[in-house]
Amino acid sequence: MKETQVVHFRVPLFDEPGMELVPGSHTRWDTQEELDVRLARKRKFSSDELSTGKKIPLNVGDLLVFSADMIHRGLYGQDRLAFDTLVFDSSGDFVDYVDDDCLPSQQMLKQINNPTIFENSLYLKSLNCHEHTC
């Protein structure tokens, strides 16, 4: 847990109920309640609120930055549309989680002032693809 960190950036495109985060959960194991909710067992559901959770409403243009290793979930009930970006150490094995549909095309890259973060993701995916014979 201490060696890898993934930082999540969320910018909502509409006002939304936001996120529920459990502060500090990225540095420890789940409590019994958190595990039961995560695994939807013992009459718990993944949509249940956590006594350790903090709700953070988000408005258009807000920026929420948190550890993706932290227990978190979206709060639903309205249309949710946001620009979500995950940033991670390239030495980690996270590139498998990068969805090709979420990366800009070469044409889009030309319109971005500083596309470095996306270019790095595309490069890492190409390396990973060669290793796994895509």
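Modeller: Here is a short walk through a predicted model.

Biologist: What is the mean pLDDT of the protein chain?

Modeller: The mean is 85, and 88% of the residues reach 70 or more.

Biologist: Where is confidence lowest, and where highest?

Modeller: Helix H3, residues 116-132, is lowest at a mean of 77. Strand E3, residues 54-58, is highest at 94.

Biologist: On to the sheet. What is the strand order?

Modeller: E4-E1-E6, in an open sheet of 3 strands with antiparallel pairing. E4 (64-67) and E6 (82-88) are the edge strands. Each has a single partner strand, so one side of each lacks a neighbour in the sheet. Neighbouring strands are turned by 20° against each other on average, direction ignored.

Biologist: How many bridges between E1 and E4?

Modeller: 4, in the antiparallel sense.

Biologist: Now His8. Buried or exposed?

Modeller: Buried, because its relative accessible area is 10%, under the 20% cut-off. His8 sits in strand E1, residues 6-12.

Biologist: Which side chain does His8 make a polar contact with?

Modeller: Asp84, at 2.8 Å.

Biologist: Switching topic. Which residues are in the largest nonpolar core?

Modeller: There are 9, among them Val6, Phe88, Phe94, Val98, Leu103 and Phe118. Another core, of 6 residues, lies apart from it and includes Met19, Leu58, Phe66 and Met70.

Biologist: And what does Val98 touch away from its sequence neighbours?

Modeller: Phe88, Leu103 and Lys125, not counting residues up to four places away.

How values were computed:
Residues are numbered from 1 along each chain as its sequence is written. This is a predicted model: local features need pLDDT of at least 70, side-chain atom pairs count only at pLDDT 80 or more; totals for chains, interfaces and linings use all residues. Side-chain values use heavy atoms; hydrogens and water are left out. pLDDT is the predictor's confidence in each residue, from 0 to 100. Helices (H or I, at least four residues) and strands (E, at least two) are DSSP runs, numbered from the N terminus. Buried means under 20% relative accessible area, exposed over 50%, partly exposed in between (1.4 Å probe, protein chains only). A polar contact is a pair of N or O atoms within 3.5 Å; within protein, one must be able to donate a hydrogen and the other to accept it, and residues adjacent in sequence count only if both atoms are side-chain atoms. A nonpolar core is a set of buried Ala, Val, Leu, Ile, Met, Phe, Trp, Tyr and Cys residues joined through side-chain atoms within 4.5 Å. Contact means heavy atoms within 4.5 Å. Two strands pair if DSSP finds at least two bridges between them. Axes are lines fitted to C-alpha atoms, for helices over the stretch in contact, and angles run from 0 to 180 degrees between N-to-C directions.
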